[in-house]
Amino acid sequence: MWTPLLANVVFFLLFELYCVECLMFNLIDKNVSHTLDNLLLPTKYNKKVRPEIGGPATKVMVNMHIKSIGPVSETEGSYTMDVYFRQQWYDKRLSFYLPGLEELTMSWVFLEKIWKPDTFFMNGKASHLHRITSPNKFLRLRHDGFMTYSMRLTLTASCAMQFHKFPMDSQRCPLVIGSYGYSKRDILYEWTSDGLGLEPGVELAQYDLVNISTRNRKIVIRENEEFSMVLGTLTLRRNLGYFILQMYVPLSLIVCCSWVSFWIDPKAVPARVQLGVTTVLSITTMGFVGRAALPKVSYPTALDWFIIVCFAFAFGVIVEYAYINFIDKITVDIKRILEERKKTKELEEEKKDGKQGSKESLMNPSSSQDAITKSSDLNMSSPSTSRRPGVPRIQLTYESDEFEDIDADEDSVRTKKKSKHRSTLRKRRTASLPALNRHSSLSSEESEKLAKICFHDKREAMTIFSKILNLEYSNSEATESDKMGPVIRIRRDGPLKRSLRIPARLLSKIRILPTEAEVENQPEPEIFTKLDIASRLLFPLAYVCVMTMYSLYFAYYLSNDWEKDEL
């Protein structure tokens, strides 16, 4: 009989408890609504005015939690990330007291009724608030007036990138946060202790996030007024994997393929030309593909230099074969000329042998033999110690006292010139007088003999020498003191003009084309030339050395401007 009574008592107590909780909930709800209504009365609260206006600046503390990063666009110079952005500040006008309640959480509707800082992203390009299924933002109000305003944003910010080391580069992308309208006298921004956080497991396709740094109270001057800002910096380092697989390895293999040309028979012209042209075109095509992912900057990047080096080596293979082919053609032409000259000489000798008797009858053998004997007695290298009047002397006039001896190896020059015509010998010997006030090495008697042999008249010889060498010839009679005869004055150029001729002299000593003597004494040609055999070793060694210097320079030596500032 006591069991139904006990059940009724328990049910009654539970019902009473439920009613009390409902009454308390209604009471609290009424109290919260009443409290908020009282806090937001127009006579007590004005959402158009910041807290503590006229007093110290309102301190707004911000933090950001990054959910994801990407993409990073090099062409647009920007990066995108999905973040939770929170702002915290005190507003004593909204402090309250409710028993059992320390903090109130309100929806986005309540945000329209209170004052909020006009925070914006100074280097932001585009951003939007997520609104599915409702605007992703809320407000927490603590009893002492401390407010926390949180929202979810997708933010795109600008990033000034430097591509000198691309693709071995690192980029530092900033995020500047501050007030749009309030100066530092009204609002001061600071990072919270959490600062700029990152969701675990966040990764980028082409970059590694190596560092996140923050900076408080950055002052920015805008329109002659100072504004408080905070700065967050993301340091990104590019991954090389994609570029190694898509650019460096293929281009290096193409360059190595071009070296196969050194093992192909030089007579196979189509094969070697086609291989060289194909490698050059392949490098050009791949270079344009890799460059398309970058903005059109005015300076070369590290990838551009690599493509240029590969192009230069592939082009060098074509130039090497063109040189070999050209030398072969010149050698064949010289051989043909030598054969024709040999045949012509043989025909002339046959004609001379047939006409020898008739020529000897027409010539004066005694005078001819006498002239030849006199010319052979001349000693071209013996200096003259005495000269007769009437024999010409040569006087040199210089613009400066500094000059060099351009006839240092006189003996070797004379030896080579003895076999040539005597008139040519006299012209070159006269033009190569090296020293100031130096006279001809021929004596007066020898000069007169040589002049008579070459021109049959001394005055005619000097006149022709003057015309050839642009000399100033004086036909005046010599004084008794010098007894040297007519004077030929040579005006030599100054040191500046002579120094300008030095490169021309050096180039004249460089022999690129084969001479007739080399072609005539050349043994049977081999299949591969010496240049081909040397190129098999020189090209790979040069490529390895250049690539080593390239890697060391761009990976360790060259640095960006912001890296120099940090150092």
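Contact means heavy atoms within 4.5 Å. The legends below use that cut-off throughout.

**View 1. The whole predicted model.** This is a predicted model, in which local features need pLDDT of at least 70 and side-chain atom pairs count only at pLDDT 80 or more, while totals for chains, interfaces and linings use all residues. Residues are numbered from 1 along each chain as its sequence is written, and side-chain values use heavy atoms, with hydrogens and water left out. The protein has 15 helices and 14 strands. Helices (H or I, at least four residues) and strands (E, at least two) are DSSP runs, numbered from the N terminus. Of the 567 residues, 35% are buried. Buried means under 20% relative accessible area, exposed over 50%, and partly exposed in between (1.4 Å probe, protein chains only). The protein exposes about 35300 Å², and carbon and sulfur atoms supply 58% of that area. Accessible areas come from the Shrake-Rupley method with a 1.4 Å probe; for residues, only the protein chains shown count as cover. Among contacts between residues at least 6 apart in sequence, 78% join residues at least 24 apart.

**View 2. Confidence along the chain.** pLDDT is the predictor's confidence in each residue, from 0 to 100. Its mean over the protein is 76, and 66% of residues reach 70 or more. Strand 2 (residues 78-90) has the highest confidence, at a mean of 95, and helix 9 (residues 422-431) the lowest, at 42. Residues 371-408 have pLDDT below 50; beyond near neighbours in sequence, this stretch has 102 contacts in the model. Residues 419-442 also fall below 50, with 68 such contacts. Where pLDDT is low, the predicted coordinates should not be read in detail.

**View 3. Phe-96 in its loop.** Phe-96 sits in the loop between strand 2 and strand 3 (103-106). Phe-96 is buried, because its relative accessible area is 8%. Leaving aside neighbours within four places in sequence, its contacts are Thr-35, Leu-39, Leu-101, Glu-102, Leu-104, Leu-141, Arg-142 and His-143. Gly-145 is 49 residues away along the chain, yet the C-alpha atoms of Phe-96 and Gly-145 are separated by 7.4 Å.

**View 4. Asn-63 in strand 1.** Asn-63 belongs to strand 1 (residues 58-73). Its relative accessibility is 4%, so Asn-63 counts as buried. The Asn-63 side chain makes a polar contact with the side chain of Thr-192 at 3.5 Å. A polar contact is a pair of N or O atoms within 3.5 Å; within protein, one must be able to donate a hydrogen and the other to accept it, and residues adjacent in sequence count only if both atoms are side-chain atoms. Beyond four places in sequence, the residues in contact with Asn-63 include Tyr-84, Phe-85, Trp-191 and Asp-194.

**View 5. Salt bridges.** A salt bridge is a side-chain nitrogen of Lys or Arg within 4 Å of a carboxyl oxygen of Asp or Glu. The count by this rule is 15. Glu-74 pairs with Arg-238 at 2.7 Å, N to O. Glu-74 lies in the loop between strand 1 and strand 2 and Arg-238 in strand 11 (residues 225-238), so this pair ties together parts 164 residues apart in sequence. Both Glu-74 and Arg-238 are buried. Asp-91 and Arg-93 form a salt bridge at 3.0 Å, N to O. Asp-91 is buried at 0% relative accessibility, whereas Arg-93 is partly exposed at 25%. Lys-329, Asp-333, Arg-336 and Glu-340 are linked in a network of salt bridges.

View 6. Arg-272 forms a salt bridge with Asp-532, with the closest N and O atoms 3.0 Å apart. The pair links distant parts of the chain: Arg-272 is in helix 4 and Asp-532 in helix 14 (residues 530-557), 260 residues apart. Arg-272 is buried at 3% relative accessible area, and Asp-532 is buried at 0%. Gln-274 also lies in helix 4 (residues 269-291), but Gln-274 is exposed at 56%. From Gln-274 to Ile-318 is 44 residues in sequence and 9.6 Å in space, C-alpha to C-alpha.

**View 7. A nonpolar surface patch.** Leu-240, Ile-244, Leu-245, Val-249 and Leu-253 form the patch, with about 430 Å² of accessible area together. Patches are made of residues with over 30% relative accessible area and no salt bridge: like charges are joined within 9 Å, nonpolar side chains (Val, Leu, Ile, Met, Phe, Trp, Tyr) within 5 Å. Leu-245 is in helix 3 (residues 241-258). Leu-245 is exposed at 63% relative accessible area.
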